[in-house]
Amino acid sequence: RQRYVEKDGRCNVQHGNVRETYRYLTDIFTTLVDLKWRFSLLIFILAYALTWLFFGLIWWVIAYSRGDLEHLGDHSWTPCVNNLNGFVSAFLFSIETETTIGYGHRVITDTCPEGIVLLLLQAILGSMVNAFMVGCMFVKISQPNKRAETLVFSSHAVVSLRDDRLCLMFRVGDLRDSHIVEASIRAKLIQSKQTQEGEFIPLDQTDLSVGFETGDDRLFLVSPLIISHEIDERSPFWDVSRGQLERDDFEIVVILEGMVEAT
């Protein structure tokens, strides 16, 4: 049976017929974070490589236009960048400048105002690229997908009597020693529905109460806990028999939210 939400928490929904794709570029940071790892790493490498190549080309153009490449052996000539003898050395100088390596072999002189301006621009743009790309990688690494691997739900949900009340119950536990702070849980019933006016809603969402009124939905998840939904007059399962429950096509999505104590 095709699921709406997979067991690993991934929503099994594909977006189609999206016409205003430019909206993804207006929020480029989130778009990069949402990309798959292979594309994120490719963009990470290209961002630095293209920046180094771009500024390396400009450094070479400055040296070529000033005639520095024609006076390589002339010690009386003061070039814009010492020991810059071609595009490869200009590319290496661009890398050294942006990464602040500073080997000392190639160095800019004070007789080149255009080189000083370019040095300032590359330093500023390099800092912006570093902040953007490193921040993007940090957010992508700190996503809670892997942390959720140590959150374990029971394989089956059961309907049984508890305190003489019919309840839908399942269990959740955390395998790690670091606690989840401000943990809260909620449940959604995903089911097709037809309104009284005849409108068909294919994926209607209905809240299943798991203790919101009493505060039981806020968990102290130190040991495994049993989450209970009481089937009363307000429950969507109130008029559903056991046989109908087995035949109906629906899905219950449980959402556990919280902050990791360690981070």
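This tour moves through the model stop by stop, naming what to select and what is there.

**Before you start**

This is a predicted model, in which local features need pLDDT of at least 70, side-chain atom pairs count only at pLDDT 80 or more, and totals for chains, interfaces and linings use all residues. Residues are numbered from 1 along each chain as its sequence is written, and side-chain values use heavy atoms, with hydrogens and water left out.

**Stop 1: the two domains**

Colour residues 21-142 as domain 1 and 147-260 as domain 2. These bounds come from an automatic or database domain assignment. The two centres, taken over C-alpha atoms, are separated by 53 Å.

**Stop 2: the nonpolar patch**

Select Leu42, Leu46, Leu50, Leu53, Leu57, Val61, Phe87, Val88 and Leu92 and show the surface. Together they make a nonpolar surface patch of about 760 Å². Patches take residues with over 30% relative accessible area and no salt bridge; like charges are joined within 9 Å, and nonpolar side chains (Val, Leu, Ile, Met, Phe, Trp, Tyr) within 5 Å. The areas come from the Shrake-Rupley method with a 1.4 Å probe, and for residues only the protein chains shown count as cover. A salt bridge here is a side-chain nitrogen of Lys or Arg within 4 Å of a carboxyl oxygen of Asp or Glu.

Two elements give two or more residues to the patch: α3 (37-66) and α4 (87-98). Helices (H or I, at least four residues) and strands (E, at least two) are DSSP runs, numbered from the N terminus. The largest share, six residues, comes from α3.

Now centre on Phe87, in helix α4. Phe87 is partly exposed, at 34% relative accessibility. Buried means under 20% relative accessible area, exposed over 50%, and partly exposed in between (1.4 Å probe, protein chains only). Which residues does Phe87 touch, not counting those up to four places away in sequence? They are Leu53, Gly56, Leu57 and Trp60. Contact means heavy atoms within 4.5 Å. Draw a C-alpha distance from Phe87 to Trp77: the two are 10 residues apart in sequence and 19 Å apart in space.

Leu92 is also found in helix α4. Leu92 is partly exposed, with 35% relative accessible area.

**Stop 3: the loop between α3 and α4**

Pick Asn83, in the loop between α3 and α4. Its phi is near 65°, a positive value in a residue other than glycine. Asn83 is partly exposed, at 40% relative accessible area.

**Stop 4: the cores**

Select Ile185, Leu219, Ile227, Phe237 and Leu256. These have the most contacts inside the largest nonpolar core, which has 17 residues. A nonpolar core is a set of buried Ala, Val, Leu, Ile, Met, Phe, Trp, Tyr and Cys residues joined through side-chain atoms within 4.5 Å. The elements that give it two or more residues are β3 (165-174) and β4. The largest share, five residues, comes from β4.

Not counting residues up to four places away in sequence, Leu256 touches Leu151, Phe153, Val172, Ala183, Ser184, Ile185, Leu219 and Leu221. Apart from this core lies another, of 11 residues, among them Ile62, Ala63, Cys80 and Cys112.

**Stop 5: salt bridges**

Side chains of opposite charge can pair when their charged atoms come close. How many salt bridges does the rule count? The count comes to 11.

Begin with Arg218 and Glu182, whose side chains meet at 2.3 Å, N to O. Arg218 lies in strand β6 (residues 218-219) and Glu182 in strand β4 (residues 180-194), so this pair ties together parts 36 residues apart in sequence. Arg218 is exposed at 51%, whereas Glu182 is partly exposed at 48%. Check the backbone of Glu182 too: phi is near 55°, a positive value in a residue other than glycine.

Next, select Arg186 and Glu257. Their closest N and O atoms are 3.5 Å apart. Arg186 lies in β4 and Glu257 in β8 (residues 250-260), so the pair ties together parts 71 residues apart in sequence. Arg186 is partly exposed at 36% relative accessibility. Glu257 is partly exposed, with 36% relative accessible area.

Then take Glu213 and Arg234, a salt bridge of 4.0 Å, N to O. Glu213 sits in the loop between β5 (200-208) and β6, Arg234 in the loop between β7 (225-230) and α6 (242-247), 21 residues apart. Both are exposed.

Finish at Arg66, Asp68 and Glu114, which are linked in a network of salt bridges.
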